[in-house]
Amino acid sequence: MTTILQVENLVTRFYTLDGVVYAVNGVSFNLQKGETLAIVGESGSGKSVTMMSILGLIPIPPGKIESGEAGLLLDDPPRDLLRLSPPELRRVRGGRIGFVFQDPISSLNPVLTIGEQITESLTKHLGLSREKAKAQTIKLLGYVGISDPELRYKNYPHQFSGGMRQRVMIAIAIACSPEIVIADEPTTALDVTIQAQIVELFQRLQKEMGMAIIWITHDLGVVAGIADRVLVMYGGRVAEVALVDDLYELPQHPYTVGLLGALPRLDATDTKRLVSIQGTPPDLLVPLNHCPFAKRCEYAFERCRAEIPALRPVGAGHRVACFYDLQKGKPRHD
Amino acid sequence: MQRYFISKLGQSVLLLFGVLLLVFVMVRITGDPAALMMPREASPEDVEAFREAMGFNRPLPLQFVDFLSGAIVGDFGNSLHFKTPAMPMVLARLPATVQLAGVGLLMAIVVGIPLGLVGGFTPGSLVDSVGRGLALLGQSIPNFWLALIMILFFAVRLGWFPSFGRDYWNSVIMPAFVLGLPTMGQIVRLTRSAVLEIRGEDFIRTANSKGLEPGTIYTKHVLRNVAIPLVSVIGVQFGYMLGGSIYIETIFAWPGIGQLLEQSIGWRDFPLVQAIAIFTSLVVLAINLFTDVAYAVIDPRIRYDT
């Protein structure tokens, strides 16, 4: 296993008229070569902002990256993405790291042909001539499963269905054979049947091209099918990170337990109400000096309301930010 | 595209018919058109003779058919004041009005679009503040007042521009400026808000995620989208400027259609007023049609959907 991306203690805040939004509060994680890392959490947990921060895609101002490191370990010597100059960062974006966004309808420019929107990436990063870039684009369109790629090259986004548009987005993301693809809820805006097709497409591309995928989602069903590891985020912090099987079998964070408990089960025999996590997510306008989940947590005790739990190892590749030991049913000792 | 054009053309023709009907009814809605058109001191016999001559004593539908068949060949009767056909008189005034509106629009575009673009890309900057201030002034200063002040200052005091008429090359500058100023304000505001809006769109984030240069993103991804609302507003404004320059033409004694309209109202010259009203409507409809086509050329969603 080779670590290709190492993010340490990332802090991102937004300075808005309503006050400071504490969006990402010290997030650390790593990404292994060729793996799929799922980042799970509810809206406002800082999933997207974390990824956008790493690649300088958050609007500055109001956003500001206060501290942290994001080492791209593929390079020798490794480079810190947060300290690259804008032109250097632009060479990484699209060239080394591709993006797929949630809503393929609004994420494509309505007045440019999809061919144009793919070729511009190729000419920028690979330095291809227009003819070569066009030929490559047509190949890419076929590769992501768009029929009649030569005809479709000249079409505009509104002439595609939602699923096809997402395939175009994927073609843009993989155009320059990146080492990492960040997929920000790529299936959320799609029908269930289309979702499955897109998931399959990602799996095929990963197998054939060998890139690592960061899959941001709140759909735990998709996570189980596609991810190697899962990072659970809450209130702009990492709550738990584990291999996917470990997480589903032995969740260590009360929030993860709550999330898994809130999933409807097809194999349930008795009729039970769907469990939901009580309370609301933390107000990100207030800086916290305690566990962000403490107010909603049934296991919370004094320490949870006084200190911020750090991530601690609880098994092979399994780390959790919680003072309470769910297995033993009592607080942990340091 | 063809279907889109034909449907827009159909709408224009329908609207033109509506305008004709409206103009026809307006003259007759007060009761007796002959009494309206004749001077107040005219004798009852004169009015009766006039009514007879104009055919106002015939059934309304018959009058309308006559009116319509005349309109189709451009015949709106003779001007009561000049005793010559009305439409050729309107057409003779057209170049002056087109020149005035054209120069005014050009001024508004040349100043307004760059100010709006800079304002949209750097909100809060000095240029943005200047642009917004100008836009506010341009849209709120009553332009008949501005016209008089400008004549007083630039024509009378400084003597830079002629105060009236269309005799010199620079005669057009003051009236065109006054006419174009509110449009300039509107263009600044619209361009600025469109740039701000488009910059926040998801597809701009996508363009950024591809690592494109900021210059490429602005020119290729932002500007084309900004052009869509801009084209429609410029079209509407040009139509408005062609038809709405009545008091500016009057103040500057600009020999255009607006001035003719002001005079013909004074003369109670109804056939001439009718001809101007219908001709101006026709021009506005033609510009709107052209705008719709331009719109479709820029925006593929319109080009292909219908």
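Visitor: Which residue is the bridge partner of A:V241 in strand 12 of chain A?

Guide: In this predicted model, A:V241 has A:R319 as its bridge partner in strand 12 of chain A.

Visitor: What makes strand 10 and strand 12 of chain A a pair?

Guide: Pairing asks for at least two bridges between the strands. Strand 10 (residues 237-243) and strand 12 (residues 318-320) of chain A are joined by two bridges, so they meet that requirement. The two strands run antiparallel.

Visitor: What is the strand order in the open sheet of chain A?

Guide: Its eight strands follow the order 6-7-8-3-9-10-12-11, and the pairing is mixed.

Visitor: Why are strand 6 and strand 11 of chain A called edge strands?

Guide: Strand 6 (97-100) and strand 11 (312-315) of chain A each pair on one side only. From one strand to the next, the twist averages 20°.

Visitor: How do you know that helix 10 of chain A packs on the sheet?

Guide: Helix 10 (residues 254-261) of chain A touches strand 3, strand 9 and strand 10 of chain A, where contact calls for heavy atoms within 4.5 Å. The direction of helix 10 makes about 105° with that of strand 9 of chain A.

Visitor: What makes strand 3 of chain A mostly covered?

Guide: Five of the five residues in strand 3 (residues 36-40) of chain A are buried, and buried means under 20% relative accessible area. A:T36, A:A38 and A:V40 point one way, while A:L37 and A:I39 point the other way, and all are buried.

Visitor: How do you know that strand 3 of chain A pairs with strand 9 of chain A?

Guide: At least two bridges are needed, and strand 3 and strand 9 (residues 229-234) of chain A have four, in the parallel sense.

Visitor: Why is the pair of A:F202 and A:W215 called edge-to-face?

Guide: The centres must lie within 6.5 Å and the planes over 60 degrees apart. A:F202 and A:W215 are 4.8 Å centre to centre with 75° between the planes, so the pair is edge-to-face. Because A:F202 lies in helix 7 (residues 192-209) and A:W215 in strand 8 (residues 212-217) of chain A, the pair ties together parts 13 residues apart in sequence. Both A:F202 and A:W215 are buried.

Visitor: What makes the pair of B:F24 and B:F67 tilted?

Guide: Planes under 30 degrees apart would be stacked and over 60 edge-to-face, with the rest tilted. The planes of B:F24 and B:F67 stand at 45°, with the ring centres 5.5 Å apart, so the pair is tilted. B:F24 sits in helix 1 (residues 2-29) of chain B and B:F67 in helix 4 (residues 60-72) of chain B, so parts 43 residues apart in sequence are tied together. Both B:F24 and B:F67 are buried. Ring pairs also link them into a cluster with B:F17, B:F64 and B:F76.

Visitor: How do you know that the charged end of A:R152 sits over the ring of A:F160?

Guide: The charge has to be within 6 Å of the ring centre and within 35 degrees of the ring normal. The charged end of A:R152 sits over the ring at 4.1 Å from its centre. A:R204 likewise lies over the face of A:Y143, at 5.3 Å from the ring centre.

Key: Residues are numbered from 1 along each chain as its sequence is written. Chains are lettered from A and ligands numbered from 1 in the order in which they are written. This is a predicted model: local features need pLDDT of at least 70, side-chain atom pairs count only at pLDDT 80 or more; totals for chains, interfaces and linings use all residues. Side-chain values use heavy atoms; hydrogens and water are left out. Rings of Phe, Tyr and Trp (its six-membered ring) pair if their centres lie within 6.5 Å; planes under 30 degrees apart count as stacked, over 60 as edge-to-face and the rest as tilted. Buried means under 20% relative accessible area, exposed over 50%, partly exposed in between (1.4 Å probe, protein chains only). Axes are lines fitted to C-alpha atoms, for helices over the stretch in contact, and angles run from 0 to 180 degrees between N-to-C directions.
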